[in-house]
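Work through the exercises below with the sequence and the model at hand. Each task is followed by a solution in steps.

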Amino acid sequence: MMSQSAIFVDASFLLAIGGHRAAGTTLRAAYTVNYEALVEGILKTAKESSGLENLRIYWYDAAKDAIFTDQHKRIGLIPGVKVRLGRISFNGEQKGVDLKLGLDLVGIARNRAASVAFLVSGDDDLAEAVEEAQDLGMKVVLIGVEKADHRLGVASVAEHLALRVDSIITLPEDLIKSAFVKAVTWDPEHASQTATIAHAPMAVIYPTPVIEEHVSGPKPGAPRVPTPALLNQRPRFQTPIQPAAPAPADYQLVYSSTQQTSGFAGGTGSESGTMDVAAEVGSSVAKNWHASTTQAELKDLLADRPLLPPEIDRVLLKDCAQRIGEWKTDLQDVRRALRIAFWDELDQLT
């Protein structure tokens with residue numbers, strides 16, 4: 001077996017954690033990524049752990065009809081990186097990503113092309129592929145993002161997967177902070193925002209006009225009503241992105257051996273604690289989405305109410321999972337609370 005490593009990156013997993021750290025949400029419009037620095041940091045972490053040269057980084061993501069976007073082309077042009085794309089289904093779910101990653105992991109092990117695999121993922125669906133690669137003589141190391149208050153010490157990693165890898169290491173916190181930057185709307189009249197942009201390497205942020213918003217109403221504090229002239233334009237909202245508040249320190253995730261549910265212990269009780277977090281997350285996602293959308297997109301969203309687009313629904317679940325420590329949030333009550341909070345906050349904003 002070749003004495004070199006191979007790195008397998010589940011982009012959805014990594015970007016969700018990094019984006020949540022930077023902007024308080026997994027909504028991709030809310031943050032920008034310095035992919036070159038991120039790739040370099042992952043390579044350095046793997047090299048320090050194994051001492052081996054790297055064969056290549058396999059980068060797994062999804063796109064409509066599995067066609068490269070400009071972002072995927074940029075990543076694919078980084079030396080030593082191979083982008084592998086699954087599809088995005090009609091309801092916004094990724095298809096084929098885990099399968100491609102698992103097959104590649106086992107294929108590299110079977111061809112004896114690398115002796116160590118570094119896996120950047122948290123999905124328990126990969127556990128069987130990890131064991132197959134190990135049976136073929138490959139060592140599999142999980143690269144996670146540190147989360148000190150989690151029982152595994154890393155964020156959003158399924159225990160089923162963590163128990164099957166050979167070891168777990170973490171990416172430096174400084175790398176996450178530097179590679180992920182909260183997106184801002186550029187306003188030339190505010191120097192502080194210009195300074196933020198200057199410290200966002202490789203983050204492409206296009207200037208958008210700041211349009212004065214005329215309001216009507218006989219009393220102070222009355223609802224703000226945009227004029228028809230404003231509605232006919234497509235400005236980006238100027239509402240600042242608000243990161244989600246950190247989870248209370250006295251809450252700990254509890255697992256039941258008889259129920260396939262999870263919640264918080266402490267405070268006023270597990271159920272109420274989980275619902276409170278869901279309400280906070282729904283409100284935060286609404287603020288972030290509102291800050292990065294257009295009038296036309298808002299109009300389309302309101303026309304379909306109470307239904308939410310799959311991409312927003314997916315962000316709600318991922319953000320909530322980041323808060324309660326679960327990779328998936330499958331409780332129907334939690335899903336309902338997320339959607340209600342999203343609409344309530346959007347009503348306040350509009």
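Buried means under 20% relative accessible area, exposed means over 50%, and partly exposed lies in between (1.4 Å probe, protein chains only). This is a predicted model, in which local features need pLDDT of at least 70 and side-chain atom pairs count only at pLDDT 80 or more, while totals for chains, interfaces and linings use all residues. Residues are numbered from 1 along each chain as its sequence is written, and side-chain values use heavy atoms, with hydrogens and water left out.

**Exercise 1. Classify Arg-84 and Asp-104 by relative accessibility, then describe the contact of their side chains.**

Step 1. Asp-104 has 15% relative accessibility, so Asp-104 counts as buried.
Step 2. Arg-84 has 25%, so Arg-84 counts as partly exposed.
Step 3. A salt bridge requires a side-chain nitrogen of Lys or Arg within 4 Å of a carboxyl oxygen of Asp or Glu. Arg-84 and Asp-104 form one, with an N to O distance of 3.0 Å.
Step 4. The pair joins distant parts of the chain, 20 residues apart: Arg-84 belongs to strand β4 (residues 81–88) and Asp-104 to helix α4 (residues 97–110). Helices (H or I, at least four residues) and strands (E, at least two) are DSSP runs, numbered from the N terminus.

**Exercise 2. Count the salt bridges and describe the pairs Arg-151 with Glu-159 and Asp-333 with Arg-336.**

Step 1. In the pair of Arg-151 and Glu-159, the closest N and O atoms are 3.3 Å apart. Arg-151 is partly exposed at 43%, and Glu-159 is partly exposed at 39%.
Step 2. For Asp-333 and Arg-336 the closest N and O atoms lie 3.0 Å apart. Asp-333 is partly exposed at 42%, and Arg-336 is partly exposed with a relative accessible area of 42%.
Step 3. Asp-333 and Arg-336 are three residues apart in helix α13 (residues 332–349), so about one helical turn separates them. An α-helix has 3.6 residues a turn, so residues three or four places apart point the same way.

**Exercise 3. Determine how strand β1 is covered and which strands it pairs with.**

Step 1. β1 spans residues 5–10, and six of its six residues are buried.
Step 2. In a regular strand the side chains alternate between the two faces of the sheet. In β1, Ser-5, Ile-7 and Val-9 point one way, Ala-6, Phe-8 and Asp-10 point the other way, and all are buried.
Step 3. Two strands pair if DSSP finds at least two bridges between them. β1 pairs in the parallel sense with strand β3 (residues 54–63) over five bridges, and Val-9 has Trp-59 as its bridge partner there.
Step 4. Strand β6 (residues 116–120) also runs parallel to β1, joined by five bridges; Ala-117 of β6 stands opposite Ala-6.

**Exercise 4. Describe the surroundings of Ser-5.**

Step 1. Ser-5 lies in strand β1 and is buried, with a relative accessible area of 1%.
Step 2. Contact means heavy atoms within 4.5 Å. Leaving out residues up to four places away in sequence, Ser-5 touches Leu-52, Glu-53, Asn-54, Leu-55, Arg-56, Ala-114, Val-116 and Phe-118.

**Exercise 5. Compare the span of helix α12 with the expected value and find how many of its residues are buried.**

Step 1. The expected span of a helix is 1.5 Å times one less than its number of residues. α12 (residues 310–324) has 15 residues and reaches 21 Å from its first C-alpha to its last, close to the 21 Å expected.
Step 2. Eleven of the 15 residues are buried, among them Ile-312, Val-315, Leu-316 and Cys-320.
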